[in-house]
Amino acid sequence: MVKLQKSIDKRNALIKATIELVNNNGFHATPMSKIAKMAKVSPATIYLYFENKQDLVNKTYIEVKAKYTDYAFENYHADMPVEEGFKLIWHRIAEFKLKECENAMFLAQCDNTPMIDEPSRIEGIKHLQPLLDLWTRGKEQNLIKPMSDYLLYAYAINPLSFLMISQKRGSFTLNETHLDDAYESAWNSIKVIK
C-alpha cells in the first residue's frame with residue numbers, strides 16, 4: 001500500500017511540475033530533465049509513467065480537463081432550463097478559472113498549441129458534453145443562436161481566460177459586479193434575441 005501511494009505521489013508530482021513549468025516557460029522550453037528535477041525524481045522515473053514528453057503533456061491535459069469539467073458540471077442537471085443551466089455552468093467555470101488559476105492557465109495554453117494531439121483534443125471535448133448537450137437543447141428551443149459550438153464557446157467561455165490572465169497579472173481585479181457583467185455579456189452573445 002505504501003509503495004502504491006509513493007507511485008501515485010511521484011506521478012502527481014510530475015503532473016504538477018509539468019503544469020507549473022509549461023505555464024512559466026511554455027511547452028518547448030520545458031524539457032523532461034526540468035520536469036524531473038522539479039518533481040524531485042530521476043529523469044528515468046518519468047518513463048515509468050509516460051512514454052515521452054508528448055504522452056506526458058497529453059495525459060496532463062486530459063487530467064486537468066477532467067478536473068475542470070467535473071468542477072463545472074458538479075451541480076448541473078440535464079433537466080434544468082437552458083438559461084439556468086448555462087448560468088450555473090458559466091459561473092462554475094469562472095470559479096474554477098479564478099480558484100484553480102494554474103490549471104486554467106495550462107488548459108488555455110493547451111488550447112493554443114499543436115503540442116496536444118488530436119485524440120487528446122477529442123477526449124477533452126468529450127468532457128464538455130453536458131455543455132454541448134445544453135447548447136443543442138437551447139438551439140432546438142430557439143433560445144441559443146444556431147451557431148457552431150466552437151463559436152459559442154469562443155464568445156461565451158473563452159473571455160473568462162482573458163479575465164483570469166488579466167487578474168493574475170495584476171492589471172484587473174474581478175469583483176462580483178464584473179462577474180455579473182461578464183456573465184450577461186456571455187449570455188447575450190449566444191442567446192436568440194426575440
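**Pockets of the predicted model**

Helix α9 gives the most to the lining of the largest pocket, with 4 residues; helices are DSSP runs of H or I with at least four residues, numbered from the N terminus. The model is a predicted one, in which local features need pLDDT of at least 70, side-chain atom pairs count only at pLDDT 80 or more, and totals for chains, interfaces and linings use all residues. Residues are numbered from 1 along each chain as its sequence is written, and side-chain values use heavy atoms, with hydrogens and water left out.

A pocket here is an open set of points on a 1 Å grid over the protein atoms alone, where a 1.4 Å probe fits and protein lies on both sides within 12 Å along at least five of seven lines; lining residues have an atom within 4 Å of a point. The largest pocket holds about 540 Å³ of space, a volume being the space filled by probe spheres set on the points. Its lining comprises 19 residues, with Lys65, Asp111, Leu128, Tyr150 and Tyr153 nearest the centre. Two or more lining residues come from each of α4 (53-72), α6 (101-111), α7 (118-126), α9 (149-156) and α10 (158-169). By class, this lining has 10 nonpolar, 3 polar and 6 charged residues, where Asp, Glu, Lys and Arg count as charged, Ala, Val, Leu, Ile, Met, Phe, Trp, Tyr, Cys and Pro as nonpolar, and the others, Gly among them, as polar.

Turning to the second largest pocket, its volume is about 310 Å³. Of its 13 lining residues, Ile15, Lys16, Ile19, Lys67 and Asn103 are the closest to the centre. Helices α1 (2-25), α4 and α6 each give two or more residues to this lining, and α1 gives the most, with 5. The lining of the second largest pocket divides into 4 nonpolar, 2 polar and 7 charged residues.
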